Structures are given as structure tokens and as C-alpha cells.
Amino acid sequence: MFRGALSRLALSASAVRSHHPVVFATQNVFRPTAVRYYAEKKSGKKGAPAKINFQDSVIDLVKIDSQMKAAVESFKEELTKFRVGRVSAALLDGLQVTVNGAPSSLAAVGQVAVKDASTLVVTCFDPASALAVEQAVKDSPDLKLTPAREGNLVKVALPKMTKEHREGMVKQVKATAENLKVRVRRVRQKGVQLAKDAGDDVSRDDKEKATNAVQTLTDTHCNEIDALLAAKVKELLG
């Protein structure tokens, strides 16, 4: 027993001299699961990730994050419609058709389908609107295409991909990206308002932390959309 006590004392003294504490094994090790890393801090070292504690926030950051991620996923899905060397129905997205003197989206008057590698076909719900669809395609400064009308069908043959066509797709992709970034910012506005309305029992510091967390999420997801956009523009323009 005496030798054992001396051994323990010697071990403790050695730990103190070497500044290394004696650590005893334990089965209960805390591993945080509610902290995630997003974007970059606006202050501090460049590139250092900002911490967001989803669990201790005064607002539902998980829900806000999920809504912003949905916008990013929507953009990813939209990007699959724009491909070089292959015709895409998305080429006619955003086309406005004037029917009976009132502007309407193409989706409201007809359905676009890919007939073959270089032809799109618009099936008009009302044959009377086919002429308006044909005219809308002809008048589009971005498309610069010559459609052919056959009954309630409007066929759009695409020539070999030109610089103008590529730039037209880039324009559409950029517009889509901006729309989805606006969607992210709307979620941000709601989140910031929730933080402000958290209640008098919530400290000003906790409200500020929640607001900063919402801004970090906004920056992260908008930056992701920008990165996806840059990659697609590079692909389209070659």
C-alpha cells in the first residue's frame, strides 16, 4: 500500500512539472451536435467559419435554414434544364404571350416538350392561342428563332448553338439565380423580425445573436447560389 501511494504521488508530481494533467478515462464524453459552421465571419481572421448554435437560439434557426436550402435546391434543379448541345424546354421559360390583349406566361397557354435533339413543340391548350404563341417566339429578342404553327402546335426548331443562344441561356440562368436569392432574403427578413419580436423576457444580446445567425445563413446560401451560377455560366459560354 505504501509503495502504491508513493507511485501515485510521483505520478501527480510529474504531471504538475510537465504541465500535463492526469486524465482518467470515462465513458461520458460530451460531443456537441447542435453547432454547425457556416460562411465566413465578418470579423476576425479571413476564412474562419462562423459558429451557429441551432439549439440555443431564441428562434427556430433549423426551419429558417431549411427554407433557404430549399431555394438552393430549386436552383440546382433549374440548372439541369440548361445544357449546351442539347435542346431544353427551359429555353422558352419566361416567354410572355399576349392573348386577347392580356399578357400571360407561356405555361398558362401551352405545354412545352422536347421533340428531338433540336426541336421544341408547344402544345397550346386553346388552338386560338397558337398564333399568339408563334408571334411571341418570333418577337423575342433573346430567342431569335423562327417557329412554325400547325393547328394547336407551335414547333420551334433550334439551329446550331450560337453565341447569341448561349448568351440567351446565361441571361435566363442569371435571372433565375437572382429570383431565388430574393427568396432567400425574404426568409431572412422573416427571421430577423422573429428575433426582434422574441419578447421582453429575451435579452438584447440573445436577439442580436439570433439576428447575426440569420444573416450568416443568408450569406452562406446566397454564396452557394452564386457559386452554382458561376459554374453554369462557364459551362454555357465554354
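This is a short talk about one predicted protein model, from its overall layout down to a few single residues.

Hi everyone, and thanks for having me. Let me begin with the ground rules. Residues are numbered from 1 along each chain as its sequence is written, and side-chain values use heavy atoms, with hydrogens and water left out. As the model is a predicted one, local features need pLDDT of at least 70 and side-chain atom pairs count only at pLDDT 80 or more, while totals for chains, interfaces and linings use all residues.

First, the overall layout. How many helices and strands does the protein have? There are six helices and eight strands. Here helices (H or I, at least four residues) and strands (E, at least two) are DSSP runs, numbered from the N terminus. If you walk along the sequence, the pattern reads α-β-β-α-β-β-α-β-β-α-β-β-α-α.

Helix 5 covers residues 163–196 and helix 6 covers residues 204–237; their axes come within 9 Å and cross at roughly 175°. That makes helix 5 roughly antiparallel to helix 6. A word on how this works: axes are lines fitted to C-alpha atoms, for helices over the stretch in contact, and angles run from 0 to 180 degrees between N-to-C directions. Angles under 35 degrees count as roughly parallel, over 145 as roughly antiparallel, 65 to 115 as roughly perpendicular and the rest as oblique.

Who takes part in this contact? By class, there are 16 nonpolar, five polar and 10 charged residues. For these classes, Ala, Val, Leu, Ile, Met, Phe, Trp, Tyr, Cys and Pro count as nonpolar, Asp, Glu, Lys and Arg as charged, and the others, Gly among them, as polar.

Let's stay in helix 6 for a moment, where you will find N212. The C-alpha atom of N212 is 8.7 Å from that of V192, although the two are 20 residues apart along the chain. N212 counts as partly exposed, at 43% relative accessibility. Buried means under 20% relative accessible area, exposed means over 50%, and partly exposed is in between (1.4 Å probe, protein chains only). Of the protein's 238 residues, 32% count as buried.

Next, some cysteines. Is C124 buried or exposed? C124 is buried, with a relative accessible area of 2%, and C222 also counts as buried, at 8%. A disulfide is a covalent bond between the sulfur atoms of two cysteines. The rule used here asks for a pair of cysteine sulfur atoms within 2.5 Å, and a search of the whole structure finds zero disulfides.

On to the empty spaces. Rolling a probe the size of a water molecule over the atoms shows where empty space is left. On a 1 Å grid over the protein atoms alone, a cavity is a set of points where a 1.4 Å probe fits but cannot get out, and a pocket is an open set with protein on both sides within 12 Å along at least five of seven lines; lining residues have an atom within 4 Å of a point. Grid points are joined across faces, edges and corners, and a volume is the space filled by probe spheres set on the points.

The count comes to one cavity of 30 Å³ or more, and the largest cavity has a volume of about 40 Å³. Which residues line the largest cavity? They are L91, D142, L143, L145, H165, G168, M169 and Q172, and they divide into four nonpolar, three polar and one charged.

The second largest pocket has a volume of about 160 Å³. Its lining has 13 residues, with L92, D93, L106, A107 and V112 nearest its centre. Helix 3 (106–109) and strand 5 (110–116) each supply at least two of the lining residues, and strand 5 gives the most, with three.

N100 sits in the loop between strand 3 (96–99) and strand 4 (102–105). N100 has a positive phi of about 55° although it is not a glycine, and at 81% relative accessibility N100 counts as exposed. In helix 2 you can find E78, whose C-alpha atom is 9.3 Å from that of A177, 99 residues away along the chain. E78 is partly exposed, at 22%.
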